[in-house]
Number of protein chains: 2
Amino acid sequence: MVADGPPAQLTRVAAEVDTRLRQLFDDELARWKELDPRLAEAIEELALVVNSGGKRLRAAFVYWAWRGRVDYPDGPHAEAADTLDTHRSHPHVVDVGAAFELLQAFALVHDDIMDDSATRRGRPTVHVAQAARLTAEGWKGEPRRFGEGVAILVGDLSHAYADSLMAEANPAARRIWDDLRIELSLGQYLDLRSAASGQMDWETARRVSTFKSALYTIVRPLQLGASLASPADPALLAALEAYGRPLGRAFQLKDDLLGVLGNESQVGKPVGDDLREGKPTELAAIAFERGRGDQQSILAGIGRRDLDASQVEAIVDVFRTTGAVDEIEARIGDLVIEAVAAIDPLPFCEQAKEALASLADYVAARNS
Amino acid sequence: MVADGPPAQLTRVAAEVDTRLRQLFDDELARWKELDPRLAEAIEELALVVNSGGKRLRAAFVYWAWRGRVDYPDGPHAEAADTLDTHRSHPHVVDVGAAFELLQAFALVHDDIMDDSATRRGRPTVHVAQAARLTAEGWKGEPRRFGEGVAILVGDLSHAYADSLMAEANPAARRIWDDLRIELSLGQYLDLRSAASGQMDWETARRVSTFKSALYTIVRPLQLGASLASPADPALLAALEAYGRPLGRAFQLKDDLLGVLGNESQVGKPVGDDLREGKPTELAAIAFERGRGDQQSILAGIGRRDLDASQVEAIVDVFRTTGAVDEIEARIGDLVIEAVAAIDPLPFCEQAKEALASLADYVAARNS
């Protein structure tokens, strides 16, 4: 489980998807600039978000599930084992990968408003940047209202563009696409509500994580990718879930660890924000279960927006001393083993199976 | 142009669409309640918005453009002149009408955050109601942040549901659907930006109105409806635009008048809010052009969020005394005449043509 950066099976897909996204933005900027340059500002802001990074993990799961099916058992493209050439005749799988990245940009921009996050991928978040713009321009109105309004629209625009890239997906793939968006919004609602109401129990944390990570990031992209090749039967959908569910949980657990232990410049958002938002995590749930009286009073600070660096550090210290950090790392290891064991029975070509194994290792070992 | 409430061609379509929406919400509430009743709260909040009224105008334009094509010149259903029976075998035209209503709910819920509107259709707006909920429940966090967060999600959910109802639309109809959502977001962005930067010039007001009313409310629903029957050729799309563009402008102008002169209980939102937001309208643009010095200083209050009732009244008085109100009413009349003149050349069945004429009159004469 040692990874030297993302595997080639991820970076090659990412490059294709990035090219498609650049093309979309170039086309759209040209189209709207001609009518009114002010309209293009909202698209430029979105392009900044989309081009500022992101692992393109969802696009990779879409691609490899599609590829796994079209080359199985030794399909027409089995020769092209270590190239991505096979999909050049199927641009729509790249379109769908790009759609996931735009959907992710939509979710991030809207989540950042809800969490009032100041930075994302090392840049100011859209609502923060646009609030500052109102002030800098000397325009009328409340900076916060304007910043959040523009960010809502930039997210909505990304949602619409994402959907436009799904134009050629078959009905089976579309149904998965429809469902995952509903799961995404409902999962985020449960997250918000649980943080506000202080119901940070195990079961809730798991449910949020299932919607926002396991399903949205891994299971649904895989199922959708496989369905693009040909409508997937229930047995295949379940087999993909057997890989995607544990890996999705591992992904979320790693995310939670990076959120409190990570290197801010790599993670791209301030360490401690998850604690200030009172984000329900398994990490916090274990600490709450195990903490003694004095540790409980430190943990009670979770969800306070004014936590300073030393208070964040004290909470992280409780996470370590209660063994919550070790416990989460052990769980991540077990979950990756469980996911990898589910690869072999898949009716996928060998290259795709290798790719899924590499992606599983990467998800657990990444540092951003 | 005297209308005793909405015409039957509107109310019958509305009834079908409402039935479809109720069915969607019943299904979705049952599905998610079973998993976790908290998830259903977000859907219930959306259902309240969707069921709280709305004219279902977009659904009617979709329906009649579709019907106009399938019954032309005397199609298989020409007998059923005064019933809607013909579409019972085509539930997807009702789905698409319902999709437009969900898209409208999405746009309203998000716009209400951007404008910080307190009420909509006589009820508290989602962000206001949810902020109050946090306080009432004694939950943690900032009420405004929570209320706006939930409202963003309720809107996003509506956007996803809208799209799911487009599942059976053909590629030509989908392209129109994709474009109209981009136009909607960009139009709202230009609106927000112009209000903030104080660029309330004629051309900008017209452009915003074109996106948000002419295209989104009338032209695109008509073009999409016609495309559902069979992919529409450029000549038909242009012919529909010849009806929809002027009518869309009339719709916006009427909206602007109702926003300052309307009866609050009928319009469903506080009179004067448009002025407090500094919404760029042709009405205001005319007043700015014609106003004398002392009138200009009254108009300078437009865009101030703290305008009280007497200041709103003074601005409305300037709208009247400069002749801006009369000018807008005259323009509405001319635009409806222009729209109605564009109906006759349409390759539509007679009932559809009659419906489009009734809808044009209604748009201009409505009081809510």
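B:Leu247 has its place in helix α9 (residues 234-261) of chain B. Helices here are DSSP runs of H or I with at least four residues, strands are runs of E with at least two, and both are numbered from the N terminus. Before going on, note that this is a predicted model, where local features need pLDDT of at least 70, side-chain atom pairs count only at pLDDT 80 or more, and totals for chains, interfaces and linings use all residues. Residues are numbered from 1 along each chain as its sequence is written, while chains are lettered from A and ligands numbered from 1 in the order in which they are written.

Is B:Leu247 buried or exposed? B:Leu247 is buried, with 29 other C-beta atoms within 10 Å. The cut-offs go like this: 20 or more other C-beta atoms within 10 Å of a residue's own makes it buried, 12 or fewer makes it exposed, and anything in between is partly exposed, with C-beta atoms placed from the backbone.

Leaving aside residues up to four places away in sequence, B:Leu247 touches B:Ile218, B:Leu335, B:Val336, B:Ala339, B:Ala360 and B:Val363. Touching, or being in contact, is when the C-beta atoms of two residues, placed from the backbone, lie within 7 Å.

Now hop over to chain A. A:Gly155 sits in helix α6 (residues 143-164) of chain A, and A:Gly155 is buried, with 29 other C-beta atoms within 10 Å. Not counting residues up to four places away in sequence, A:Gly155 touches A:Phe106, A:Val109 and A:His110.

A:Ala214 is part of helix α8 (residues 202-229) of chain A and counts as buried, with 25 C-beta neighbours inside 10 Å. With residues up to four places away in sequence left out, A:Ala214 touches A:Ser209, A:Val219, A:Gly244, A:Arg245, A:Gly248 and A:Arg249.

| Pair | Apart in sequence | Apart in space, C-alpha to C-alpha |
|---|---|---|
| B:Leu247 and B:Ala364 | 117 residues | 8.3 Å |
| A:Gly155 and A:Leu102 | 53 residues | 9.0 Å |
| A:Ala214 and A:Ser52 | 162 residues | 24 Å |

At 1.5 Å a residue, the 28 residues of α8(A) should span 40 Å, and the end C-alpha atoms are 37 Å apart, which agrees. That expected span is 1.5 Å times one less than the number of residues in the helix. Since 24 of the 28 residues of α8(A) are buried, the helix is largely enclosed by the rest of the structure.

In chain B, helix α3 (residues 57-70) has 14 residues that should span 20 Å at 1.5 Å a residue, and its end C-alpha atoms are 20 Å apart, which agrees. How many of the residues of α3(B) are buried? For α3(B), 14 of its 14 residues are buried, leaving the helix mostly covered.

**Two loop residues with positive phi**

A:Arg56 is found in the loop between α2 (37-51) and α3 (57-70) of chain A. Although A:Arg56 is not a glycine, it has a positive phi of about 60°. A:Arg56 counts as buried, with 25 C-beta neighbours inside 10 Å.

A:Asp116 is in the loop between α4 (91-115) and β1 (119-120) of chain A. Its phi is near 45°, a positive value in a residue other than glycine. A:Asp116 is partly exposed, with 18 other C-beta atoms within 10 Å.

**Chain A as a whole**

Chain A has 16 helices and two strands. Its C-alpha trace spans about 65 × 55 × 35 Å along the principal axes. Of the 368 residues in chain A, 55% are buried. Among the contacts in chain A with a separation of 6 or more, 76% come from residues 24 or more positions apart.

**Where the chains meet**

46 residues of chain B are in contact with 46 residues of chain A. On the side of chain B that touches chain A, α7(B) gives the most, with 14 residues.

How do the copies relate? Chain B can be laid on chain A with an RMSD of 0.0 Å by a turn of 180° and a shift of 0.0 Å along the axis. That is the relation of a two-fold axis. The superposition is by least squares on the C-alpha atoms of residues with pLDDT of at least 70 in both copies. The same surface serves both copies, as 100% of the contact residues of chain B recur in chain A.
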